[in-house]
Amino acid sequence: MKKILVSLLAALLLLCTGCSQPKEQTLQIFAMDTVMDFYAVGENAEETLNAAAQEINRLEALLSRTRTGSEVSAINGGGSVTVSHETASLLRSALQYAQTTSGAFDVTIAPLVDAWGIHSDMPRVLSANEIRTLLPLVGSDHVQLDGDTVTLDAGCRIDLGGIAKGYASDCVAELYRQNGVTGGWASLGGNVYAHGTKADGSFWNVSIRDPKNTAGSAAMVQLSNQFAVTSGGYQRYFTAEDGTVYQHIIDPATGVPAQSDLLSVTIIGQNGTMADAYSTALYVMGLESAQKFWHAHEEEFDMVLVTEDTVYYTAGLAEHITTEEGGPYRVQVIT
Ligand code: ADP
Ligand code: MG
C-alpha cells in the first residue's frame with residue numbers, strides 16, 4: 001500500500017511539473033523581403049509557429065509582385081484575371097483604404113515604385129517629365145474588381161507591399177487564437193502583433209524604434225491583442241548625387257518619394273491590415289494631416305508619430321506608453 005502511495009505521489013509530482021512548465025517556442029524566418037520573428041507560449045506553441053511560417057510562405061507566393069506565378073504577377077500581366085477570393089478581398093480592402101485616405105495609400109503606385117527603383121540595387125531620381133508620364137497610371141479608377149475578377153487599365157500595375165505584411169500579421173494572429181496560444185508575439189519587419197499576456201499577466205513591451213538612432217527606442221508601448229505597425233523613411237532609402245535622401249514611400253499625388261516632416265508613424269489597433277495601410281498613408285500625409293485624419297478616425301486606432309524633435313502619441317495610449325525622461329525628443333499628447 002505504501003509503495004502504491006509513493007508511486008502515486010511520484011506520478012502526481014511528474015504531472016504537476018509537466019503542467020507548471022508551459023511550452024514556449026521561438027522561430028525566425030526570412031520572408032516578404034524582411035526578417036520575421038515569432039514567440040509563442042502554449043500547449044501547441046511549436047505547431048502554431050510552424051503553421052505561421054507556412055502561412056507566411058503561402059501568402060508571399062500569392063501576393064508577391066516579383067514572384068512569377070503569384071496572383072499579383074498575374075494581375076499585373078494584364079487582361080482580366082480571376083484570382084482567389086482571398087486576394088480579391090485584400091485588393092478590395094486596399095481600394096477601400098485608398099478612398100479613406102484620399103489616395104495617400106494607393107496600391108496602383110507600382111509603376112512609380114519601379115521607375116524610382118525603390119526595391120532595386122540601382123534606385124535613381126526621375127525627371128519631371130518621366131513622372132508626368134507615369135502619374136496618370138496611378139489611381140484606384142484604373143482597377144476594376146468584379147467579384148474575384150480583376151482588370152487593370154493598360155500600363156497599370158499594383159504593389160501590395162504597403163499592406164501585405166499587415167494582412168499576414170492578421171492571419172498569424174488568427175492562428176495564435178485558434179491554437180490556444182496564451183501569450184506571444186509576431187514581428188514581421190515593422191509589423192508587430194502582441195498576443196495575450198506574459199505569464200505574470202502583464203502586457204508585452206513593443207519598442208518603437210528611434211528613427212535617428214535605429215539601435216535605440218523612441219518609445220515603448222505595452223500591448224495585448226493589438227497590432228503596432230510602423231512606417232518610416234529610415235527603413236529603406238537612397239541618397240542622390242546632390243545629397244537628397246529619397247525614401248521608399250511615394251506620395252501618389254506627386255509621384256515623388258514623400259518628403260514627410262514625420263520620421264516615422266506607428267499605428268496601433270485591432271486590425272493589422274488597416275494599421276499597415278494607415279501607417280503608410282499617414283507618413284505621406286505628414287504631421288498636420290495625420291492628426292486631422294486621426295481625429296476623424298479616433299475610434300479605430302491610436303498612433304505614435306515621431307518628428308525631428310518630438311514624439312507625439314494619442315491620448316488612448318497614456319496608460320500604455322513609456323517615453324524617456326530627458327531623452328532626445330520632446331513628448332506631446334494628441335487629444
Ligand atoms: P514596409 O513595407 O517597409 O513595412 P510600408 O508598409 O510603409 O513599409 O510600405 C511601403 C511599400 O509600399 C513601399 O516599399 C512600396 O512598395 C509600397 N508603396 C510606396 N508608396 C506607397 C503608397 N503611397 N501607397 C501604397 N503603397 C506604397
Ligand atoms: Mg504599410
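Which strands does helix H9 (residues 287-296) lie across, and at about what angle does H9 run to S16? H9 lies across strand S16 (301-306), S17 and S19, and runs at about 170° to S16. This is a predicted model, where local features need pLDDT of at least 70 and side-chain atom pairs count only at pLDDT 80 or more, while totals for chains, interfaces and linings use all residues. Residues are numbered from 1 along each chain as its sequence is written, chains are lettered from A and ligands numbered from 1 in the order in which they are written, and side-chain values use heavy atoms, with hydrogens and water left out.

**How the elements are set**
- Helices (H or I, at least four residues) and strands (E, at least two) are DSSP runs numbered from the N terminus, and two strands pair if DSSP finds at least two bridges between them.
- Axes are lines fitted to C-alpha atoms, for helices over the stretch in contact (heavy atoms within 4.5 Å), and angles run from 0 to 180 degrees between N-to-C directions.

**The nine-stranded sheet**
- Nine strands make an open sheet with mixed pairing, in the order S1-S2-S6-S7-S10-S15-S16-S17-S19.
- Strand S1 (24-31) and strand S19 (330-334) sit at the edges with a single partner strand each, so one side of each has no neighbour in the sheet.
- From one strand to the next, the twist averages 15°.
- S17 (residues 310-314) and S19 run parallel, joined by five bridges, with Tyr313 opposite Val333 in S19.

**Around S9**
- Strand S8 (residues 204-210) runs antiparallel to strand S9 (residues 213-223), with seven bridges between them.
- A two-residue hairpin takes S8 into S9, and Arg209 has Ser217 as its bridge partner in S9.
- S9 also pairs antiparallel with strand S18 (residues 321-322) over two bridges; here Val221 faces Ile321 in S18.

**Salt bridges**
- The whole structure has 12 salt bridges (a side-chain nitrogen of Lys or Arg within 4 Å of a carboxyl oxygen of Asp or Glu).
- One joins Glu86 and Arg58 at 2.8 Å, N to O, linking helix H4 (residues 85-100) to helix H2 (residues 45-63) across 28 residues of chain.
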